[in-house]
Amino acid sequence: MEAFEVIVIIYLCLFILLLFSGFPIAWLLGGLSVMFAAVGIIANHYYDVDTFLLDRWADYAIIADRIWAVVQNWVLVALPMFIFMGLMLDRSGVGEIMMNNFVRLFGRLKGGLALTVVLIGVLLAASTGIVGASVVLLAMMAIPIMEQRGYSRELSTGVVAASGTLGILIPPSIMLVLMADQLSMSVGDLFMGAMMPGLLLGFLYMVYVLLLAQLRPQLAPVPPDLPPLDWTIVWNALLAALPALGLILAVLGTIFFGIATPTEASGVGAFGATLLAAANRRLNLKVLKEVCIGTTLTSAFIFGIFIGATGFSLVMRSLGGDEFVADMLTSLPFDKTGIIIFILVITFILGFFLDWLEITLIVLPLVAPVVKSLGVDLVWFVVIFAICLQTSFLTPPVGFSLFYLKGVCPPGITTRHIYRGVMPFVIMQLLAVALCFLWDDLILWLPEQVYGGR
């Protein structure tokens, strides 16, 4: 084994080991990158070890240059704007209005409340892209009503967690923005490629809810005292959905029709969410201050990890990590399909222990060049990687949607209820991965229709 391979293995193992120390991930990534850059320099200078650092690591200037490039990246300006849009939409009252009117429309169906949660989850996902805000909003609006009507706690918690998580996949998704930036890809391509898989997931959730309610009606009972359905209820439900649909059109429509870049569209979305809050008389200085503070904290968290991961990945590459990972993957006794399946399985397992952000910033840049060298369409791979990565929000012990949900659930709902409730939805997410793997047109059809011979 080459000396640089030993250093790379120690580098990765130390990172995995220190993850369980509870030390902040941003400082962990940054500290390891600085320490192992020094190890590479010393090994190269005193022991003539071929670590690929000879001409590139005379000092740490390249790390500073790369971090500066991250900070001034125009594409990443979209992140705080999309975060602001999601948090402001959460405060605007749009979700509450939709919930009240959708419950009147669908509440008379078996599983109608759970169906309402999925529909609102899809609309919020396509107009916010912020998982935490969507999960908390859906939980606070829907779970008390579902508890009151005798819904199974497993069903109610599972459908809320899964529906709120759609925001990380359905555009505008901050995860897709980061992935596009990491691989120098078009954000529009990824947005369009992820649209149909995201809607497919929502459809699978709705089919599951309706079938479960038919087969086991005691889990989703229908109250006997509902008023008869009339056109006023239908009309009010449509009016309630119009603001969210308008925001979706303003953001995604301007991107898909080439009117604005994703960065410019994020500003349109932030302004549109603010107008909706003002129209519903929810906008005041206190709300604006809280949304701005929340945007700043979330953006700082993301960029802190981003800067640490940038240094980590740069040192990894300079130590020969790219070659090491490529050799390891291509030496597997699999063909092209087997290598991709292996990567997806490892990604799914990593999702139990790592957040999507670390996997996106560290793992994806290492495996994507290998996949591209195999002749695989990178848009297809990145989107299917994103679908697989979405499971990390629902898989314990580091499923962030589970943490968000537990924090706002009524006292009677336990962690066991939540874990049991999300398992069927994790299975459906894996089913979506399999369907997109078998029929790549689910991902590639829409980008090809927009860009033709892409």
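Biologist: Which helix gives the most to the lining of the largest pocket?

Modeller: A pocket, on a 1 Å grid over the protein atoms alone, is an open set of points where a 1.4 Å probe fits, with protein on both sides within 12 Å along at least five of seven lines, and lining residues have an atom within 4 Å of a point. Helices are DSSP runs of H or I, at least four residues, numbered from the N terminus. Here H1 gives the most to the lining of the largest pocket, with six residues. This is a predicted model, where local features need pLDDT of at least 70 and side-chain atom pairs count only at pLDDT 80 or more, while totals for chains, interfaces and linings use all residues. Residues are numbered from 1 along each chain as its sequence is written, and side-chain values use heavy atoms, leaving out hydrogens and water.

Biologist: How many residues line the largest pocket, and which lie nearest its centre?

Modeller: There are 36 lining residues, with Phe 15, Ile 16, Leu 350, Leu 354 and Val 363 nearest the centre. As for classes, Ala, Val, Leu, Ile, Met, Phe, Trp, Tyr, Cys and Pro count as nonpolar, Asp, Glu, Lys and Arg as charged, and the others, Gly among them, as polar. The lining of the largest pocket has 32 nonpolar, two polar and two charged residues.

Biologist: Which helix supplies the largest share of the lining of the second largest pocket?

Modeller: That is H13, with six residues. Of the 24 residues lining the second largest pocket, Ile 130, Gly 132, Ala 133, Thr 298 and Tyr 404 are the closest to its centre.

Biologist: At what angle do H7 and H18 pack?

Modeller: Axes are lines fitted to C-alpha atoms, for helices over the stretch in contact, and angles run from 0 to 180 degrees between N-to-C directions. Helix H7 (residues 131-148) packs against H18 at about 35°, and the axes are 9 Å apart. The residues of this contact divide into nine nonpolar, two polar and no charged.

Biologist: Is Ser 401 buried or exposed?

Modeller: Buried means under 20% relative accessible area, exposed over 50%, and partly exposed in between, with a 1.4 Å probe and protein chains only. Ser 401 has a relative accessible area of 0%, so Ser 401 is buried. Ser 401 lies in helix H18 (residues 400-408). Contact means heavy atoms within 4.5 Å. Leaving aside neighbours within four places in sequence, Ser 401 is in contact with residues including Val 131, Val 135 and Phe 393.

Technical notes:
Helix = DSSP H or I, 4+ residues; strand = E, 2+ residues; numbered from the N terminus.
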